[in-house]
Structures are given as C-alpha cells and as structure tokens.
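This report describes a structure with attention to its core, its strands and its contacts.

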Amino acid sequence: MLKIRNFSYGYLICLLAFIYVPIFVMMAMGFNESSDYELPFRFSLIWYQQLAGNDVLWRAGSNSVVLAVASTMVATVIGTMAALAMARHRMRGHAILQILLFPPMAVPWLILATSMLIFFYYSGIGRGLHAMLLAHVALSLPYVIIVVGARLQSFGADLEDASATLGANPWQTFSRVTLPVIAPGVAAAGLFAFGISFDQFVTSYFLAPPGVTTLPVEIYASIRKGFTPEINAISTIIIVGSMLLLAIVSKFYQFGGSK
Amino acid sequence: MSSVDIRQVTKTYGDVHALDKVSLTFAEGEFFGLLGPSGSGKTTLLRSIAGFVNPTGGQILVDGTDISHIPTHKRDIGMVFQNYALFPHMAVFDNIAYPLAVRRVASAEINLRVNKILELVQLGGYGSRRPRELSGGQQQRVALARALVSRPRVLLLDEPLGALDKNLRQQMQIELRQIQREVGITTILVTHDQEEALTLSDRIAIFRKGEVVQVGRPDDVYENPRDAFAAEFFGSTNFLKGKSLGKQGVLGAVELSDGTRILTSYALPSSGSPITLTVRPEKVLIQGEGQAVTDQGTSLNVLSATVIQPVYMGASVTYQLSTSPADFSVFQQNREAKRFEAGASVKISWLPQHTVVLDA
C-alpha cells in the first residue's frame, strides 16, 4: 500500500512539474539581470523598471483588462438570461437551439475570427475595440450558457414554484432564490468568460486596427521584434494576478462541491 | 378558512384530456384527498389550483372569487411539494420566514410567528440548521411550517409523505392531521396511496382519465364503490359477473354464470341485465366443510370453495380460493389457531348487504 501511495504521490508531482516548471523558469528569468538568459542568476528588478516605462505595453494591458471586464459582464449577464430561458421554458426549436451552442466551441478560433473579420467588414461594424468586444462576447457566450445551464439543471423548477406559492413575485423569486442558488455556476461562467477574453489572441489580432493592441497581441509583436525579459516580467504579473483572482473566488465558492 | 369551488375545469394537451369538465367543492376547513393512478388528472387539478397549469376551460373559485387568471404568488395558498423544495441556501428559520419576508412583515413579528410555528411542528431550536442537516421527516415538517406560516386560505399537499419510509409516514400522517385540525385550514391532498387518503381525508375523490369517478367520505366510498375501478383502486376486492333476476322479496337476486344465486340488498337493474358484483375479502367468513353455517335468521350467501393458497401475514391470513363461479380472496383475522392448508375444502359466506352492485 505504501508503495502505491508513494507512486501516486510521485506521479502527481511529475504531472504538476510538467505544467509549472516552464512557468517558474519564465518567472525567475524576469528577475535575472541578463537579457540573454545567461547564468549564473543575478537578481535584479531592471526588467520591471523598464516595463514601468513601456507605454505601449501598458496601454495594451489596460485595453486587455477593460475588454475582458466588459465582455465578462456582458456575456455573463446575457448568457445567464439565455440559460434561464432555455432551462425554464419550452419553446419551438428548443433542442436545435441547444445543440447549436456546441459547434462554436469546436470550431477553431482562427476560423471564427476570419468569419467575424469578413462579416464586420461587410456590415460596416469595422475593426476596433467595439468589434473586439462583440467578438469576445460571442466567443464566451456558449461557455456561459452551458455552465450556468448545468447549474440550473441540477435543481428543478420546484424551488421557483415553491417561492411563487409562498407569495414571492417573479423578481423576488429570481433575486432571493434563483440567483443565490445558481451563483456558483454564474461565478464559474464569469471566470471562463474572463479567461477567454483576456487570453484571446486570434480575434483581437484580426480585429485590432493599427495603433490599438491587446496584451496577447503586443506580447506576440514584441517576441517577433526580439524577446526581452520585460515580457517575462509582465507575464509574471499576469500569473500572480490570475492566481489571486482564483484564490478569492474559490474562497467564496467550493468548486465541484455543492454550496 | 376558505371554500374552494372547481367548476367544469378542463385541461387538454393536444387531444389528451388531462382534466375533463371536473367539478368539485372543497368545504371550509375540510381535508380533501384526490386519489387516482398516475396520469389520472389529480396532480393537474392541484397544479391548476396552484396556478402552475392554465386550465383550458372552467373556473376555480376561492370563497366565490374566480382565481383562474390570478398569478400564483397572489393566490394566497400554501403548498408542500413531494421533494419539499426547501431553499438549500437558507437556514430553517429563513425558509419558514420567507413567505412573511416577501410580504414585508416587520421582523419582530416574523420572529414571533416563525418561532411559534416551529413549536407547532416540534422543531423548536432547529431554526439555525440548514435543510440538508435535517432528516426526511424534519424536512417535511419545515416544508409544512413554511406553507402554513403566512396563514394562507388553502393548503395544497402534493404527495407530501411519498419520500418517507413506512413507519415515519404513518407517524407523519397522524401529525399532519393534528396540525391541520389545529390550524383549521382547507387542505387538498394529492396521493396515490389509498391508505394515506383513508387516514387523512374527510372526503375523497377518485380520479380516472381526467374524470372524477366517485366523491364521498372514505368509508362510504370504500363500502359502496360506484364502479369496478373505484372498488379495485380503493382496497382489494372480489368481482362476480352475472345477470339480474330482479327483486325477490326484500332482497335482489343475481344469477352467476354457473347458475349460483347471489343475494344482495342493493338495488338491481331490470331482470336479465348483465351486472358486476363485488365483495370485499374481509366481509367473507371462511369455515371448514363440516361446520354448520349459522345464518342468524338472515339469508346468507354461501359458496363451496377450495383453498389454493393461504398467505400468512401474522395478524391476518389471506386465503386465495377457487369457487365454481370465480376465484375469491378472503381475509381472516388470525384469531383461531386453526388455519386451512392448500387443497382444503371450505365454505365461505357473506351477508347480502355486502354484495355491492356496481355500475356497468
């Protein structure tokens, strides 16, 4: 038994190392003085200082954050509403509507981005942050609807019916019963949406007019120009930020478990 | 306390009549059981009263006012669901306080009323627990307290004891009845459990295919079922087919297929019409072949029978018998030490007033 336990333990360590070692190397190099990744390691904050003066990267970063926050809010709100409509009302073509949610997740983003670029061009929407927002919302919606929908499935309409018999009007039922019960699902969906937007390279790259970039696009551009440890520095900041966000969310909601 | 009047309520789904011109009146303070197999329309009627189902036709009146077009939350009803539908994110106290909170009752009064009703359902001190920390019976009581705390006009119960095991169910039946009497609320119960309906209801209605087959006090429906469906659904019974010979003296006579004559004190259709009779197994006396049948001055129905199988159930024995007109089941209290074995020849007898004539 001890052997099996040691083996599982070692296996898990290897698995996590596989994921985390490249990340740690990158984070460490952000604190190495050499611009060419030379060893021995000499601690320095020079790349963070340079980063502080890199206006292009900062602007790209703030674009990314604004875009991600906005598309998360829009996608989570309208996606939750769509999930509610699908879960609680039978409508014509219900099954087809539900099935149509899946292809956008299977189709490569490159193809979706191409189609959006063409459509936005012909429809006059054009390129720019507004077009990127539309694209990010569209990409996030299926994930939001499916995650929130799963949560709605796990408790039937009985709780809402009960609330109505107890004298609660539809708004009271939504705010006091439905929303608190599906909140963990909505939070998870929001995280998905944020990740999809913040991580989005292809659509942003296609839809960004000259002079407007997001962080992934700018990082890609910098790498092409010549890789500097500044990128390691900003990546480290993003990683620490994401981890903090996850830690806060998981403090409020137990993922996988029932709340 | 309120009366509920169901007038010609119809609900169709495509060509299917879930309810077909159902009319019923629930009196003030009455405990009324809606009984029937699944798909018979009893649940559709309950959900129509709650406002979850929009009837295709007819009216539902509470105290004389038509509520058919009023949304559920304005109907002033209490309902206990089969799975209780307690709010998992709220403590017991907040669950019960919910109907008061959404009606904006002052918090001091909410405290008073919730604590009072917690005592009524014997859950004092459980207010801070979460529903999932309670047993099934306790959850059921919370659901009942929550449905009653706002003093609604009507209480609807949808198979409320279905999820409990048998012992707990019997205990909860008694408690439910006590609480209902104490509160005095008009209560409508949906159940497919005939024993539950018998124990709890002042009156019952038996449903079949969207129609009401029979309405009455449980004992009356049991003793005088109107047709074969009501007889069979409500307890076990024996059927005999034959044709009417009309009245012969005070009693009516019926000739069975094998020529046996059966007497009944029920009214018979005109001579020669085919009819179905039913006799409850516990009305029948079973005796050994040689024993004299004492008729105490009345005319008894007597048949010779052979025991196919005795089913021993401790307090009672149920005999499966074959007689020349039909197979028969007879219920016997386990009072005498002697029991009949399979293959034994016996005599069975019953009184004419226990030969119930059914509607064709």
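Predicted model: local features only at pLDDT ≥ 70, side-chain atom pairs only at ≥ 80, totals over all residues.

Residues are numbered from 1 along each chain as its sequence is written, and chains are lettered from A and ligands numbered from 1 in the order in which they are written.

**Domains of chain B**

Chain B is assigned domain 1 (4-232) and domain 2 (236-358); such bounds come from an automatic or database domain assignment. The centres of domain 1 of chain B and domain 2 of chain B, taken over C-alpha atoms, are separated by 39 Å. Their contact takes 6 residues from domain 1 of chain B and 6 residues from domain 2 of chain B, where two residues are in contact if their C-beta atoms, placed from the backbone, lie within 7 Å. On the side of domain 1 of chain B that touches domain 2 of chain B, 3 residues are nonpolar, 1 is polar and 2 are charged. In this classification Ala, Val, Leu, Ile, Met, Phe, Trp, Tyr, Cys and Pro count as nonpolar, Asp, Glu, Lys and Arg as charged, and the others, Gly among them, as polar.

**Nonpolar cores**

A nonpolar core is a set of buried Ala, Val, Leu, Ile, Met, Phe, Trp, Tyr and Cys residues joined through C-beta atoms within 7 Å. A residue is buried if 20 or more other C-beta atoms lie within 10 Å of its own, exposed if 12 or fewer, and partly exposed in between, with C-beta atoms placed from the backbone. The largest nonpolar core has 118 residues, of which A:Val144, B:Ile96, B:Leu156, B:Ile188 and B:Ile206 touch the most other members. Helix α9 (residues 170-198) of chain A gives the most to this core, with 12 residues. Apart from it lies another core, of 18 residues, among them B:Val254, B:Val279, B:Tyr319 and B:Phe340.

Helix α2 (residues 92-101) of chain B has 7 of its 10 residues buried, including B:Ile96 and B:Tyr98. The cover over the buried residues of α2(B) includes α3 (107-120) and α4 (136-148) of chain B. Helices (H or I, at least four residues) and strands (E, at least two) are DSSP runs, numbered from the N terminus.

**Strand pairing in chain B**

Two strands pair if DSSP finds at least two bridges between them.

| Strand | Partner strand | Bridges |
|---|---|---|
| β1(B), residues 4-13 | β2(B), residues 16-26 | 7 bridges |
| β1(B) | β4(B), residues 57-62 | 5 bridges |
| β16(B), residues 301-312 | β19(B), residues 345-350 | 6 bridges |

β1(B) and β2(B) form a hairpin with 2 residues between them, and B:Gly14 in the turn has a positive phi of about 65°. B:Ile6 stands opposite B:Leu24 in β2(B), whereas B:Thr10 has B:Gly57 in β4(B) as its bridge partner.

An open sheet of 5 strands in chain B has the order β15-β19-β16-β17-β18, with antiparallel pairing. Its edge strands are β15 (285-288) and β18 (327-333) of chain B. Within this sheet, B:Ser304 stands opposite B:Lys347 in β19(B).

**Contact between the chains**

Chain A contributes 14 residues to the contact and chain B contributes 19 residues. On the side of chain A that touches chain B, α8(A) supplies the largest share, 6 residues. The residues of this side divide into 8 nonpolar, 4 polar and 2 charged.
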